[in-house]
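Visitor: I'm new to this structure and would like a close look at one part of it. Could you pick a helix and walk me through its surroundings?

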Amino acid sequence: MTGPKAPAHGSPRPLAGPIVTLDGPAGAGKSTTAREVACRLGFRHLNSGTFYRALAFALLDAEIVPERWSELRTEHFDALPLRVEPTSEGFRTMLDARVLEEELRSPLVTGEASRLAAFAPVRAWLLGVQREVGRGGRLVADGRDMGTVVFPEAELKFYLTADLSARARRRLRDHGVDAPTVAEIEEEARRIEDRDRCDSERRHAPLRRPDDAYEIDTTRLEFDQQVEAIVARVLGAG
């Protein structure tokens, strides 16, 4: 993946346009909401999770086993034939000439990406990549540390949350389970709870609500309601 020229831990470069960040735990609706908000505003959408999944996929494709990932450094990531290209709506990740799409949504890649995100060299490298691709501004970025670490200078920050059962249902629906059983919901809720704990307790860039973020509880909101609430706030601040 094309990396930045400036050190990843340096100060963010000046932006050419506004940035809006959406952070929050798994299943809160960040990505789908951010994508639609970006569409309505005419901004690009940056989904940070895609970058972590793409890196995990590239490592697995290169037969670098997860047990070795804690040993990896910048030069290992730079050697991968992974890059980010802008599109009219956002960004796409490519491995050699292959556009990565469905491959990144598999349970294996999703699970390993979560493990990968805990390693400081990974986060430092991807921090620089995300700042570089977002340098042009006019961006809606979603993730777990967009407003706290990646784009702390963002003009508007939002923190999306929802109760655990609602998030479990949404995650199952994303995986094609439209009518989950009680047991399926409980099992998915346990997975999300474990992910929340891992994200919140990790040493580097833990999940937390930015101090200057607007919090939106999406538990009882329709999709259009949460999108409109964010768009209205952004336009009102313009």
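This is a predicted model: local features need pLDDT of at least 70, side-chain atom pairs count only at pLDDT 80 or more; totals for chains, interfaces and linings use all residues.

Guide: Our helix is α1, which runs over residues 30-41. From its first C-alpha to its last, α1 reaches 16 Å with its 12 residues, close to the 16 Å expected at 1.5 Å a residue. Now look at which of its residues are tucked away: K30, T33, A34, V37, A38 and L41 are buried. These residues cover an arc of only 130° around the axis, so they sit on the same side of α1. As a general rule, an α-helix has 3.6 residues a turn, so residues three or four places apart point the same way. And what lies over the buried residues of α1? The cover includes the strands β1 (19-23), β2 (44-47), β6 (139-143) and β7 (156-161), along with helix α9 (223-237). Just past the end of α1, G42 has a positive phi of about 75°.

Next, the helix pair. The axes of α2 (residues 48-61) and α4 (residues 107-116) come within 8 Å and cross at roughly 105°, which means α2 is roughly perpendicular to α4. Among the residues that meet there are Y52, F57 and L60 from α2, and L108, V109 and E112 from α4. By class, this contact of α2 with α4 has 10 nonpolar, one polar and two charged residues.

Last, the loop between α8 (182-201) and β8 (214-217) holds L207. L207 is buried, at a relative accessible area of 8%. Beyond its neighbours within four places in sequence, L207 is in contact with residues including G24, P25, R144 and Y159.

Conventions: Residues are numbered from 1 along each chain as its sequence is written. Side-chain values use heavy atoms; hydrogens and water are left out. Helices (H or I, at least four residues) and strands (E, at least two) are DSSP runs, numbered from the N terminus. The expected span of a helix is 1.5 Å times one less than its number of residues. Buried means under 20% relative accessible area, exposed over 50%, partly exposed in between (1.4 Å probe, protein chains only). The arc is that of the directions from the helix axis to the C-beta atoms. Contact means heavy atoms within 4.5 Å. Axes are lines fitted to C-alpha atoms, for helices over the stretch in contact, and angles run from 0 to 180 degrees between N-to-C directions. Angles under 35 degrees count as roughly parallel, over 145 as roughly antiparallel, 65 to 115 as roughly perpendicular and the rest as oblique. Ala, Val, Leu, Ile, Met, Phe, Trp, Tyr, Cys and Pro count as nonpolar, Asp, Glu, Lys and Arg as charged, and the others, Gly among them, as polar.
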